[in-house]
Amino acid sequence: MNAAKLPQAPAGQSFRRLRLILGDQLNARHSWLRDASEQADTLYVLMEIRSETDYVWHHAQKVLGIFAAMRGFACALAQAGFVVHYISLGAAENRQSFAANLSALMQRHQITELAWQQPDEWRVAQHLREFAATCGVQHQIVDSEHFLADQAQISTQFAQKIPRMEFFYRAMRRQYQILLDAAGQPLGGQWNFDADNRQRWPGNPPAPSWPQPQHDLRALWDEIVAAGVTTLGEPQAAAFNWPLSRREAQAWLQHFIVHALPHFGAYQDAMSRASPTLFHAGLSFALNLKLLHPMEVIQAALAAYQQGAVSLATVEGFVRQILGWREFVRGVYWARMPEYRQLNVLSHQRDLPAWYWTGQTNMACLQHAISQSLSLSYAHHIQRLMVTGNFALLAGIDPDQVDAWYLGIYIDAFEWVELPNTRGMSQYADGGLLGSKPYAGSASYISKMSDYCKGCAYQPKLRHGEMACPLNSLYWHFHHRHADRLARNPRLAMTYRSWGKLSTAEQAATLAQAEIYLAKLDAL
């Protein structure tokens, strides 16, 4: 949508209330939009601002996708009869922050009531609260009506003690009566089928392609470039392939249910050069923009199971991601911010290798995962956790830099979901608040779950010596240097027993190899 065609409120018209809709709150079914009695005196506002494009170095597709979805949503509201004012990135009136734009609009339209939906990010929530305290009009914060766990309740609960995700997930299953029998027990006699969902993908069944919406966003991309926004990755503006409306997101969901879900469970941890997406849904961008509701995604998967199209292990594994993990990390985020983003219990301080921004490394697994991320603005959860995250953990990279990389490069990355996944689960910087142990792996794991090692410049079976895979020596170096903190963890008992069985000479050679690699991370 060209900026000149975006909805604008009449300059001289007064409104009683202004309702701000954020870029990740494109919920067409929100109750705001169902009450016709309030619409005549209400101005809806959406804005593209530099304070959102510049707080981290975003992928080009992330900026393009959010702005394009916002523009489509605003135009749909205006066509439905709502009064909408859209501030484009390059508009002359744009003061490039929520507070400055809201202040100008409230004065121009004589606003006496200001309202917004609860932001998902602490940074934005704080900014709006500070503005409301000084703006001189009544303000109201309403629920975004998206998540399945109440934010206030879960924040209070998690502020006292964060439960293990498994127990939180079981409670959510009981609350929503999902995959339970008549006695309230889990179908199949167990809550978790994770052990059935860790297969390597042999190349068959064929992995389906994602839908191809093919949006032409070149005009919008020209606006972003003209405004001077710095991005990373490939914009793919001429044929943009992410869903930008609720209708497209619903079609994407149905495509996943029919073509990918039947094999999602078995291969959800697999990785392959032959398919960047395998059987993953790719729905997180649409979910995080509120184009889809998590319960409709869950119900679609449950319907496929009830029709016999997918196995119990598969549907359980998928439901656990949406009902369990997604809601759980949000609870951790809101209960522990803003202190959570400063945690670094392992005192990791090294700089992120330069090749995280280019993909130009000789390690095939990292080269593939990073190059794919730069091209698609997407990698699935095991690529993020056990390839890019794993290397950063083993190498002792500063979690602030790891956070910034993940928050910027992925189209579905918003801080409420990125920060606990990265700083907590991936980097163990929270000391185990979120996970019971660090997710660390050597080349053995990569070789078992992927085809990356075949043809790699490094040797996956060597701990040290010429062209030994860096993941092996760094894996043992990580556990050796953090033994005081980790060796008593019962989930790592086998790891430390294995390390203890190596000869003193083998341990020394392995640690020396790791030191060589740590001294030249940019050259690996």
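Guide: What follows is a walk through the sheet, strand by strand, and then on to the helices and a cavity.

Please keep in mind that the model is predicted. The sheet is open and is built of 5 strands, which pair in parallel and stand in the order S3-S2-S1-S4-S5. At its edges are strand S3, residues 84-87, and strand S5, residues 138-142, each of which pairs on one side only. From one strand to the next the twist averages 20°.

Let us begin with strand S1, residues 17-20, which has S2 and S4 as its neighbours in the strand order. In general, the side chains of a regular strand alternate between the two faces of the sheet. In S1, Arg17 and Arg19 point one way while Leu18 and Leu20 point the other way, and all of these residues are buried. With S2, strand S1 pairs in the parallel sense over 4 bridges, and here Arg19 has Tyr44 of S2 as its bridge partner. With S4, strand S1 is likewise joined by 4 bridges, the two strands running parallel, and on this side Arg19 stands opposite Ala115.

Helix H4, made of residues 122-132, lies across S1, S4 and S5 and runs at about 170° to S4.

Both S2 and H4 also belong to the surroundings of the largest cavity, for they, together with helix H1 (50-53) and helix H2 (60-79), each supply at least two residues of its lining. This cavity has a volume of about 340 Å³, and among the 25 residues that line it, those closest to its centre are Gly23, Asp24, Glu52, Ile66 and Phe414. Helix H2 gives the largest share of the lining, 5 residues. Sorted by class, the lining residues divide into 15 nonpolar, 3 polar and 7 charged.

Note on methods
Residues numbered from 1 in each chain as written. Predicted model: local features only at pLDDT ≥ 70, side-chain atom pairs only at ≥ 80, totals over all residues. Heavy atoms only, no water. Pairing = 2+ DSSP bridges. Axes fitted to C-alpha atoms, helices over the stretch in contact; angles between N-to-C directions. Contact = heavy atoms within 4.5 Å. Buried < 20%, exposed > 50% of the residue type's maximum accessible area, 1.4 Å probe, protein only. 1 Å grid on protein atoms, 1.4 Å probe; cavity = no way out; pocket = protein on both sides within 12 Å on 5 of 7 lines; lining within 4 Å. Points joined across faces, edges and corners; volume = space filled by probe spheres on them. Nonpolar A, V, L, I, M, F, W, Y, C, P; charged D, E, K, R; others polar.
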